[in-house]
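Please read the following briefing alongside the sequence and the coordinates.

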Amino acid sequence: MRIDIRNIFNEEKKSFKEIIEGKEEREEQTAESALEPTEPEPEPEEEPELCESEPESVPEVEPEPEPEPEEELVPEFVPESEPEIEQDTAPETEPEPELCEPESEQKTGFWKLYGSLVAIAAAFIVLLTAMFAYTTMVPREVTATIDGDKTKIITKEYTVKGFLEDEGIKYCDKDYLSTPPTGFIHDGMKFKLVHATDFKVTADGETAKCKSLEKTVGEALKDEGYKVRKHDIITPDIKTPLTQDMKIVVQRVDIKKITVNEKVKFKTINQDDVNMNEGETKVITEGKNGKDKVIYEVTYIDGKEASRKELSRENIKPVVDEIVAVGTRVNYNGKTYSRKLVVKAYSYTGGGTTAMGTRARVGEIAVDPSVIPLGTNVYIEGIGARRAEDTGGNIKGNTIDIYMATHAECVRWGVRYVTIYIE
């Protein structure tokens, strides 16, 4: 069976489905013709006419080679491995195949974009590996100065924190560390650690444990946030050097001025009255309390009053003292005396002249004229009647000196307390 290729290309474009259906029709016709008696198939007569049917304007064309059998052309359009095409509808347009870059070009683009990052990552991994090997396997010498004591130590630790923990050295945030705890250790490294001083502070009713690197009590209190006022009492003093486990006491001192009205109590004044018997009293003037306006400077320590100082006083209501008459008249041995006294009695002798100008003799005594006026007659229990005529440098108050006849009598008398009655 011959196919005119020119007619094929002159026909309208057909879909794969139309071509396949045309193939099936031709195969059916071939099968029917196979059932008919075999006769020599005459050559188609119209084939030359097809060549003549070309337009007149077309020049003569050399005879074209016969096309290959139809069975060889069909596989170019219908793949044998896709029989499902018969069930699909004809697509409007065939999708254009995607263009893919060659694999070598893709690899080249990847290295252009990410090659530097890959190189950096690889170098970083190598660096980390080297650092890990150095920090965990290579021993290093460290010079550590702990609270002034310098020590050289070989260690495999790679941070200051790890070194201190490995050596059992405790530290805290208050301590001074010349290198941060996270700092890396290298061979020949030097660092200092100064531990803060522990101390206790009692202030404002509370006791707290504190640490400080300061040198004195005052600086340490300031470092811990304690405010020391002008009048506060600090024990020990703020200039005292800070020592380990020291106990510091802060006493808060407040000084205030206050004004008060104070009652002033009256006094009772006793006056001897010889006209009244002993034991009898009589109020001559009634006493009345007064009132003063007083300004004090009061010092409080930790809220409690510690002292009070009077700054001024003004009397706003006068006081009236009470005067009481006290009877002093007594009866003794049938005789009346104005009063009696208990006195300390000495003795003296040797003659001479008394304060009244009389001769010193037995029967006169020396007295304090402010207590017993000169010339007053008295009666001394155990001695008898005597007269006050003399005075003495040591005779003051309720004291008398009795004149004796001899020195021996004075020795025997010595010093005694006696009761005397005054006329």
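**A buried arginine and its surroundings**

A polar atom of the Arg140 side chain lies 2.7 Å from the backbone oxygen of Glu157, and the Arg140 side chain also reaches the backbone oxygen of Ile185 at 3.4 Å. This is a predicted model, in which local features need pLDDT of at least 70 and side-chain atom pairs count only at pLDDT 80 or more, whereas totals for chains, interfaces and linings use all residues. Residues are numbered from 1 along each chain as its sequence is written, and side-chain values use heavy atoms, with hydrogens and water left out.

**Arg140**
- Arg140 belongs to strand β1, residues 140-146 (strands are DSSP runs of E with at least two residues, numbered from the N terminus).
- Although Arg140 is buried, it has no salt bridge, and the nearest side chain of opposite charge, Asp187, is 6.8 Å away (buried means under 20% relative accessible area with a 1.4 Å probe, protein chains only; a salt bridge puts a side-chain nitrogen of Lys or Arg within 4 Å of a carboxyl oxygen of Asp or Glu).

**Strand β8**
- Strand β5 (residues 197-203) pairs with β8 in the parallel sense over 5 bridges, with Thr202 opposite Val249 (pairing requires at least two DSSP bridges).
- Strand β7 (residues 233-235) pairs with β8 in the antiparallel sense over 3 bridges, and Val249 is the bridge partner of Thr235.

**Whole protein**
- Of the 423 residues, 24% count as buried.

Notes: Buried means under 20% relative accessible area, exposed over 50%, partly exposed in between (1.4 Å probe, protein chains only). Helices (H or I, at least four residues) and strands (E, at least two) are DSSP runs, numbered from the N terminus. Lys and Arg count as positive and Asp and Glu as negative; His and the chain ends are not counted. A polar contact is a pair of N or O atoms within 3.5 Å; within protein, one must be able to donate a hydrogen and the other to accept it, and residues adjacent in sequence count only if both atoms are side-chain atoms.
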